Amino acid sequence: MADETNATETGTETAAAPPKAAKAAKAGASEMTRREFNWLALAWSFFAASAAAQLTAMGRFMFPNVLTEPPSTFKVGLPTDFAIGAVDERFKEKFRVWVVRNEEGMYAISAICTHLGCTPNWLSAENKFKCPCHGSGFYMSGINFEGPAPRPLERVKIELADDGQVLIDKGRLFKQEAGQWNDPESFLNLS
Ligand code: FES
């Protein structure tokens with residue numbers, strides 16, 4: 001009798017509680033669902049990143065950099081706006097050009113190192129341009145005198161516009177080693 005009661009009680013417990021196999025299957029299914037969700041999320045991330053990259057590329061194609069880059073030709077003001085014997089750095093950041101005024105006139109120097117293209121700094125206390133990348137040094141004229149730069153900085157076209165302002169044109173470059181600094185467009189004579 002006592003055995004029957006136990007058997008019945010055991011049978012009742014077994015019927016009420018889910019079998020271990022069913023529990024394991026449920027846990028497995030839930031794990032699969034979580035994994036599937038993670039994969040799906042990952043796939044969507046890749047898809048979204050790829051779509052964003054394609055949209056960016058399309059945007060660049062439709063609105064090329066030419067709209068945002070500074071113009072190659074620009075006015076910098078009147079000759080009297082420039083101090084004699086000084087390097088004017090106002091146009092370096094935007095146009096990558098220095099404007100120099102001396103007793104005879106003016107010239108503009110491209111702020112691109114002739115070694116590997118870094119942007120040198122004007123060190124007024126030392127009266128020279130110094131490239132931060134590998135140490136090339138250039139005189140105020142643009143001539144190289146120290147470091148690995150193989151040649152002087154290049155000058156850019158400079159002239160007077162009709163309104164009397166100094167007009168710079170970066171589209172025309174002059175190399176000293178090619179004798180191009182003798183070109184009248186490489187120097188604005190004011191004497
Ligand atoms: S890039 Fe200027 S010294 Fe090398």
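**Aromatic pairs and ring contacts: a tour**

With ring centres within 6.5 Å taken as a pair, the count in this structure comes to six aromatic pairs. The model is predicted.

Start by selecting F74 and F95. Their ring centres are 3.6 Å apart and their planes meet at 10°, so this pair is stacked; the cut-off for stacking is under 30 degrees. Now colour by secondary structure. F74 belongs to strand β1 (residues 73–77) and F95 to helix α3 (residues 92–95), so the pair ties together parts that are 21 residues apart in sequence. F74 has 6% relative accessibility and counts as buried. F95, at 10%, also counts as buried, because the limit for buried is under 20%.

Next, select Y139 and F145. This aromatic pair is stacked too, with 4.3 Å from centre to centre and 15° between the planes. Are these residues buried or partly exposed? Y139 counts as partly exposed, at 43% relative accessibility. F145 is likewise partly exposed, at 35%.

Move on to W98, W122 and F129. Select the three together: ring pairs link them into a cluster.

The last two stops are charges over rings. Show the side chains of R90 and F82: the charged end of R90 sits over the F82 ring, 5.1 Å from the ring centre. Then go to R155 and Y107. Here R155 lies over the face of Y107, and the distance to the ring centre is 3.9 Å.

Note on methods
Residues numbered from 1 in each chain as written. Predicted model: local features only at pLDDT ≥ 70, side-chain atom pairs only at ≥ 80, totals over all residues. Heavy atoms only, no water. Phe/Tyr/Trp six-rings, centres within 6.5 Å; stacked < 30°, edge-to-face > 60°. Helix = DSSP H or I, 4+ residues; strand = E, 2+ residues; numbered from the N terminus. Buried < 20%, exposed > 50% of the residue type's maximum accessible area, 1.4 Å probe, protein only. Lys NZ or Arg CZ within 6 Å of the ring centre and 35° of its normal.
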